[in-house]
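Q: I would like to learn how to read the features of a model like this one. Can we take them in turn?

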Amino acid sequence: RYGRGGEADRWGSNGGSVFIGDQKVRIRVPRVRRRGRGEEITLGSYQRLQEPGLIEECALKREIRGISTGNYEGAALSVPATFGIKRNSVSRLWIRASARKLRELQERSLKDLDIVALVMDGKYFGDNEVIVAVGILLNGRKTILGIVEASTERYEVCRDFLNGLINRGLSIEHDMLVALDGGKGLRKAVKVVLGEKGHVQRCQWHKRENVVSYLPKERQEEFRNKLQAGYEKPTYDEAKKRLL
């Protein structure tokens with residue numbers, strides 16, 4: 001506060017604000033002018049406290065943890081003289097933060113991931129359907145590779161989705177196991193894009209649930225267990241015998 005520089009002088013102050021934690025706080029901003037020339041000098045420390053990235057991150061994390069935008073102000077950190085923590089402003093922060101996270105997920109490089117298996121399936125979120133691709137690494141860890149919104153698992157959409165993963169660095173140099181449901185669009189896309197490198201495994205969960213759906217409800221659990229017992233046999237011959 002009482003520091004003196006060789007090239008500048010203090011010149012009063014203006015009203016301003018900075019981000020602290022996830023809140024915007026009013027402060028008095030010192031004005032500094034270059035000695036002998038009267039030019040205003042911008043304070044680098046003040047500029048660094050103007051970035052909204054931190055507040056966006058905090059809004060995103062709190063929203064994910066279940067704090068509604070309506071209760072956001074009550075859950076904010078207790079910093080005096082806060083302002084700007086209103087429902088509509090937090091909603092905008094949430095949109096910006098979540099959009100940035102989605103863009104990072106969809107555009108990040110996949111070239112350093114040692115993926116040996118791929119799981120693809122369509123999922124519903126409310127009225128919207130998205131196709132999700134999950135990669136399984138050599139050590140068994142799973143990682144989401146990407147998603148695409150689509151009304152159906154059409155071949156063209158699935159083909160472009162797969163090509164997009166390859167363009168981001170998904171390696172198809174070695175053979176890859178691909179687990180799918182019974183959808184024809186996904187299967188055709190894997191055959192066209194991956195060719196002989198893609199070895200399709202019909203998802204046992206989908207197959208089992210499709211089969212038992214034809215049975216009366218009182219018999220479904222019985223045959224669900226029978227099918228699972230067959231899947232768990234260690235060899236093909238034993239599994240086929242049990243299933244038959």
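Q: Which residues does Arg208 touch, not counting residues up to four places away in sequence?
A: Contact means heavy atoms within 4.5 Å. Arg208 touches Arg224, Leu227, Gln228 and Tyr231 by that criterion, with residues up to four places away in sequence left out. Arg208 itself is placed in helix 7 (residues 204-212). Helices (H or I, at least four residues) and strands (E, at least two) are DSSP runs, numbered from the N terminus. This is a predicted model, in which local features need pLDDT of at least 70 and side-chain atom pairs count only at pLDDT 80 or more, while totals for chains, interfaces and linings use all residues. Residues are numbered from 1 along each chain as its sequence is written, and side-chain values use heavy atoms, with hydrogens and water left out.

Q: Is Arg208 buried or exposed?
A: Buried means under 20% relative accessible area, exposed over 50%, and partly exposed in between (1.4 Å probe, protein chains only). Arg208 has 11% relative accessibility, so it counts as buried.

Q: How many residues does helix 5 have, and what span does it reach?
A: The expected span of a helix is 1.5 Å times one less than its number of residues. Helix 5 (residues 155-167) has 13 residues and reaches 18 Å from first to last C-alpha, close to the 18 Å expected. Gly169, which follows helix 5, has a positive phi near 115°.

Q: Which residues of helix 5 are buried?
A: Tyr155, Cys158, Phe161, Leu162 and Leu165 are buried in helix 5. Down the axis they fall within an arc of 135°, so they line one face of the helix. The arc is that of the directions from the helix axis to the C-beta atoms. Their cover includes strand 5 (115-125), strand 6 (128-137), strand 7 (142-149) and helix 6 (184-194).

Q: What is the corresponding list of buried residues for helix 6?
A: In helix 6, Gly185, Leu186, Ala189, Val190, Val193 and Leu194 are buried. These residues cover an arc of only 130° around the axis, which puts them on the same side of helix 6. The face turned away from that buried side carries the exposed residues Lys184 and Lys191. Among the elements covering the buried residues of helix 6 are helix 5, strand 8 and strand 9 (198-202). Just after helix 6, Gly195 takes a positive phi of about 60°.

Q: Where is Arg154, and how far in space is it from Lys184?
A: Arg154 is in the loop between strand 7 and helix 5. Arg154 and Lys184 are 30 residues apart in sequence and 8.1 Å apart in space, C-alpha to C-alpha. Arg154 is partly exposed, at 43% relative accessible area.

Q: Which charged end sits over the ring of Tyr155?
A: A charge sits over a ring if NZ of Lys or CZ of Arg is within 6 Å of the ring centre and within 35 degrees of the ring normal. The charged end of Lys188 sits over the ring of Tyr155, 4.4 Å from its centre. Lys226 is placed likewise over the ring of Phe223, with its charged end 5.9 Å from the ring centre.
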